[in-house]
Amino acid sequence: MAFAETWARAFRRIPKREPRMRPKTAIAIGAIILVAFSVTIGAWLYPHDPNVQVLEDRYLGPSLDHPFGTDRLGRDLLARVLAGGRVSLLASVLSVILALLGGTALGLLAGYLRGAIDGIFSRLFDALQVIPGLVLLIALAGVLGRDFTSVILGLGILYSIKIFRVTRAVTASIRTEVYVDASVAMGGSRAHVMGRHILAGALSPLLVQATILVGWGVVAETGLSYLGLGVQPPNASLGSILAEGTVSMTQSPWLIIFPGLFIAVVTLSLFTLSDALRGALGRPIGGTGEA
Amino acid sequence: MNAPLLRVDGLSKTFAARNGLFGRSANRVHAVRQASFELSAGRTVGLVGESGSGKSTLARLVHRQLDADSGSVAFDGIDVTKAQGSLLKRFRKEVAFVFQDPYASLNPSWPVGRIVGEPLAIHGLASGAAREQIVERHLGEVGLDPSALDRRPSQFSGGQRQRIAIARALATEPRVLICDEPVSALDVSTRAQVLSILAELQESLSLAILLISHDLAVVQAMSDDVAVMYLGEIVEYGPAATIVTKPLHPYTVALVDASPDIRAPKDRSRIVLGTDAPTQTKVGPGCPFASRCPLVMDRCHEVRPPMVSFGGHRVACHLHETHMPKAGLTPVMPVVKAGP
Amino acid sequence: MRSSQLVISRIAWMIPMLFLVSVIAFLLIEMVPGDPARNSLGPDASDEAVEALREQWHLNEPLPVRYGIWALGAIQGDFGVSMSTREPVLETIFHRLPVTLSLALAAMVIAVTLGVVGGMLAGARIGSKVDRALNSLAGLVLSVPDFWVGLLIIALILQTKILPIPLQGYVPFERSPSEWLVHLILPGVTLALHPAAEIFRQTRASVSDVTGLDFVRTLKASGVSRSHTLFAHIGKNSMVAVLAVLGLQLGLLLGHTAIVEMMFGMNGIGSLVAEAALNADVVTIQGCVVVIAVFVLTMNLVIDVLYLYLNPRLRAK
């Protein structure tokens, strides 16, 4: 409920503060909507199937019939990119939601209750952060198995570190505000203060961070599946398309170019959107979530 | 005389002094020492003192925002000194607190209606339309109209914001209101306005009010009784009129003389203190004011002055110790050649 | 706090960190679905064989005991044997370490050079065309996978045959320094892309901050040449912040070596982890995680010490 409120407020605020949305932001939002549409309804409407092999049509360059060309098994590349993109985006979004669920709760507790709880959780996340992100992802993939759920779990754990930090920082700062003292003074329980005052204040920076993380999730998922640790063939994933395309790079560069362009469009748009959100919602929280 | 709503008895609180990096030291700051007073319905007790006198700490101790080291707080006869859980929550419903800074005590992202309605939400007293009605009523009590409901605090002036804070405090229909420097952050013209609203509310709602301020004029305007604090101790306590016209403790005299709105009567010596109050970590034996008192005697450094009571007026000062209560005899400050 | 106190407290912090990381690494094996022994021997192995392997791997002991056994071994250098190759893990790691270190070094050198030079250029001329072009480029680079750019570069080189640099493999320094260097160019550049962009950003920000400071303007006004000012004065002050970014990037870098090493056919730690993950070789993964963590912690310590040394304000205390 409050989440929807924040979204609504966010988009209401953007025009208010700057009467005109910057063209960059409009393009970014448009691109995201276009991509979201393409990988879902668009892919469904698109006549080619990502897994159908037409061996006579192998390694065809871009044409009207196959706008992105075909791969080594004659499969339409656009269809595969859309399918892979869907996997990537879905995995990113779901993992960010997972990270939000875990990281926010722990960050709230650590930032508000301080003491031993803060000590334990902070140290835990510090230790997790010592391990380089991609190494952690690879390790988790090796352990949890190679499928969609494992990717989500792995990314979720990785991104909960960032979410924890952001939430904890915001909590620690809001906690010192006088209106929090006032709320306690009028009988507010800790749950009430955490839910109504602190969490509400954390929603904006979390929204910005979540947007950035979805962008990084796409890149990370691509890396994982490039190594063969993500979704397995014949299911398409952006990374596996790139890996397969490496073999025939010179003859069919489109196999490399188009998946990369797709990623570039998605991540650039998400980052631009996050910048716009950060400006509109006015909180000075920054940083990247690169794995 | 109605039975006291709030009884504070011997409240004391010490803090560790922050010396060096690790904060641990043998020195402890005695923020509040043996504070005792009573609040009754429809009456105001004013707590006055310089910064560092412990008055804000005392207010927070009374409201259980801090835990006292010793002493007791009783509301309506029930001891709430160590109350937790539902008893503490009920206490907070009956005793409300108004904070000093109206710019910080209201959540800037919340609309006013939600701010004032928060106590109702917390105590589950009303919801939806009923809540809105109650909020409107209390806003009206402080002189703000219902259009304020959807606006944010940033759209209001300091005085209006403090009135919102008061409306919020009144939401649960408390019987006691503790106001910590309620007008100190406001400019002088707004102060009178807010104070008069408080006075009206007290009248119509029979509120017991504990008013804390460093400004004696503010305290004196509204209070029935005044407690003067110095370095954590209540050094003098009495009816507001008497405190100002016949102050007994040298510190009170200095306060009165320092207050531009109150004139000293001609038959009394003036006391002007040159230095600021020290933040003492070690309170030695003897009177805490001994180091600055222009009328200090040897005894003052060695023995703590006992609290002596003359009817409704009590004072802790060796000067008056010898005036044992005698029928009809009221003590007077000795006339001394002018101080520095 | 005096600098030495800071360093000591930093080292003191590292120890529980290492402990926690080792616990996390150890717990990895717990997360494997199914029985690790059964998984290793395969579904056709007899129950006795599986049970024997379980005993050998102490899988029936309570958790803290198993951690103790593993940790004790680890401290003495025994990280167990790889579940796939049956070779001692630590040996394999040390064998492959030089590859990753060389690659990381190459990448860092390239990244710092590109990033700092670019950042100074852009920072000294904020808002100019040069600045905006470089800044957009950095933003673009950060939005795409670094290995994708690497692939593009390889494709370009293959296609146009511009440079006869090798596209695969690693040559040890001892065998031929020149070959070693040349083989590191492409993977180094690929790996350097993201750190370079981040270092560029930080340098640009620092330089533009410092450029605005009074003492710089005074210098310029008194006629000191621009490049002299840039390198002598601005340089030192900006480097402090850049150093911090460097530390962060080094950590990320180690992760990306996994993909880059696989791409360029180099047998380093990164590809070791990736291979181990593909083979579900948890023991090797555990060893790698711990070794990498030790590396990262040490690097952070070094960076912190350097930071203290370079930052005259902190040092003066």
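**Exercise 1.** Determine what percentage of the residues of chain C count as buried.

*Solution.* A residue is buried if 20 or more other C-beta atoms, placed from the backbone, lie within 10 Å of its own. By this criterion, 38% of the 317 residues of chain C are buried. This is a predicted model, in which local features need pLDDT of at least 70 and side-chain atom pairs count only at pLDDT 80 or more, while totals for chains, interfaces and linings use all residues. Residues are numbered from 1 along each chain as its sequence is written, and chains are lettered from A in the order in which they are written.

**Exercise 2.** Count the helices and strands of chain C.

*Solution.* Taking helices as DSSP runs of H or I with at least four residues and strands as runs of E with at least two, one finds 13 helices and 0 strands in chain C.

**Exercise 3.** Describe the side of chain A that touches chain C.

*Solution.* With contact meaning that backbone-placed C-beta atoms lie within 7 Å, 39 residues of chain A meet 41 residues of chain C. Helix 5 of chain A provides the largest share of chain A's side, 9 residues. By class, that side has 26 nonpolar residues (Ala, Val, Leu, Ile, Met, Phe, Trp, Tyr, Cys and Pro), 3 charged ones (Asp, Glu, Lys and Arg) and 10 polar ones (the others, Gly among them).

**Exercise 4.** State how many residues chains B and A each give to their contact.

*Solution.* Chain B gives 18 residues and chain A gives 12; the side of chain B comprises 7 nonpolar, 6 polar and 5 charged residues.

Definitions and conventions: Two residues are in contact if their C-beta atoms, placed from the backbone, lie within 7 Å. A residue is buried if 20 or more other C-beta atoms lie within 10 Å of its own, exposed if 12 or fewer, and partly exposed in between; C-beta atoms are placed from the backbone.
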